[in-house]
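Open the model in your viewer and keep the selection tool at hand. The stops below go one at a time.

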Amino acid sequence: MSTDKFPTVAEVLADLIADRPPEWVAACELVAMVHITRDRATWTGLSYWDQLPARVLVAARSASTLPEWWQQMVTRMGCGHPSRTEDRQHLARLLTTSDDTAVLHTLDTERDALAVTVRAAWDIHFGARRATAATQPDEPAQEAML
Amino acid sequence: MSSALHRIWVAAGSPEPNWAGRSKTPKPPPPSRHGVCALTGQVGEVVDIRHVLSDLFTTWDRLRWRHAPDAGLSIPAAWAFRHRPLQQQPHALTSTGFRAVQPSELFDALCTLEDDSFVSVPQSRQKHLVPFAELGTVRVDDRTLRWRPDDAHALGTYRGLRRLGFGETALTQPSPPWPTLSRLPTPEKRWVLVHWADLDQWRTDPDRLDVAARATRADKEQPNP
């Protein structure tokens, strides 16, 4: 398995969100962006996955536009910039061209489903990669993404 | 409504109503006369209402013809009110007759619900269901559910999720619980995430979830096989 480049967020989520409405897809990708860019020193451990939907909810309730929501997440969870260029461009596209009201409503009402989907997508994608890495110790393990 | 109750009574084998109630001593049938059935409006052989319903009965407004001068209750109506298992166990009217069903039979009956069949699923075990039967529907405690084709689909999804280890309470939640989900192999995980939302319509209408829960439990062992 090639490990020189991380897959993009859209690639990881692709087959789990294929037949969802567009605002659901946008919301899920935004939560995934928060997940990969969060401040890993603070947001880790078992309670992280319980905290993530709560923060998503608070930010969605207090923001009126998606850029505001992202700003709130930056404040609350120390989100930085995604490391892949494609992800950075995709994030900018999501924040500027989505239907703000619909996506914020989805972030508000579907937060648990979004978080579980992101968690499962990362588990499916990188759990398998970690297992291969464990069987082939020559390859460097990519645990940083988890 | 009248024809539905009559059909169910005939499909059950035209049984005599349980006149004795809970007492062990057998009781002779009360005298019958000619009159109007207060429940179905059918004119024919009826017995006085006081022989069928006790003083504790409250929902008189559901007996539409109770004010008719010669109102009584017909034999099928008396059977439907007085046969206690009808309030306690799920029953189904299928091509093979009307009888109490085990969860697996209930599942089959719900999957093949036609315009001339009927399913009753008690929830509180305290309410009369069969007297208010309508053909082609599912009756729960206080409502008649129209069973649409996509309900049958959702029931299949429900059973799939139950077999993967999700409990009845977990299925009422908007997202799958991680401890159960993380134990599944990858293809099943993907299937669960894609299909969990299929039950969203039911989650706003818990009666259907109740019916599905009754239809996907393990069968009880038969007392005398």
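**Stop 1: one helix of chain B**

Select Asp200(B) and Arg203(B): both sit in helix H8 of chain B, three residues apart, which is about one turn of the helix. Helices here are DSSP runs of H or I with at least four residues, and strands are runs of E with at least two, numbered from the N terminus. The two residues form a salt bridge, with their closest N and O atoms 2.7 Å apart. A salt bridge is a side-chain nitrogen of Lys or Arg within 4 Å of a carboxyl oxygen of Asp or Glu. Asp200(B) is partly exposed at 32% relative accessibility, whereas Arg203(B) is buried at 15%. Buried means under 20% relative accessible area, exposed over 50%, and partly exposed in between (1.4 Å probe, protein chains only).

The model is predicted: local features need pLDDT of at least 70, side-chain atom pairs count only at pLDDT 80 or more, and totals for chains, interfaces and linings use all residues. Residues are numbered from 1 along each chain as its sequence is written, chains are lettered from A and ligands numbered from 1 in the order in which they are written, and side-chain values use heavy atoms, leaving out hydrogens and water.

**Stop 2**

Next select Asp205(B) and Arg143(B), whose side chains meet in a salt bridge (2.9 Å, N to O). This pair links parts of the chain 62 residues apart: Asp205(B) is in the loop between helices H8 and H9 of chain B, and Arg143(B) in the loop between strands E7 and E8. Asp205(B) is buried, at 16% relative accessible area, and Arg143(B) is partly exposed, at 33%.

**Stop 3: where the chains meet**

Show both chains. Which residue of chain A forms a salt bridge with Arg190(B)? The partner is Asp15(A), with the closest N and O atoms 2.8 Å apart. The pair crosses from helix H7 of chain B to the loop between H1 and H2 of chain A. Select Asp123(A) and Lys189(B) as well: their salt bridge has its closest N and O atoms 2.4 Å apart.

The contact (heavy atoms within 4.5 Å) takes 11 residues from chain B and 12 residues from chain A.

**Stop 4: inside chain A**

Finally select Trp69(A), one of the residues with the most contacts inside the largest nonpolar core, which has 78 residues. Such a core is a set of buried Ala, Val, Leu, Ile, Met, Phe, Trp, Tyr and Cys residues joined through side-chain atoms within 4.5 Å. Trp69(A) touches several residues, among them Leu30(A), Val56(A) and Leu107(A).

Definitions and conventions:
Lists of a residue's contacts leave out its neighbours within four places in sequence.
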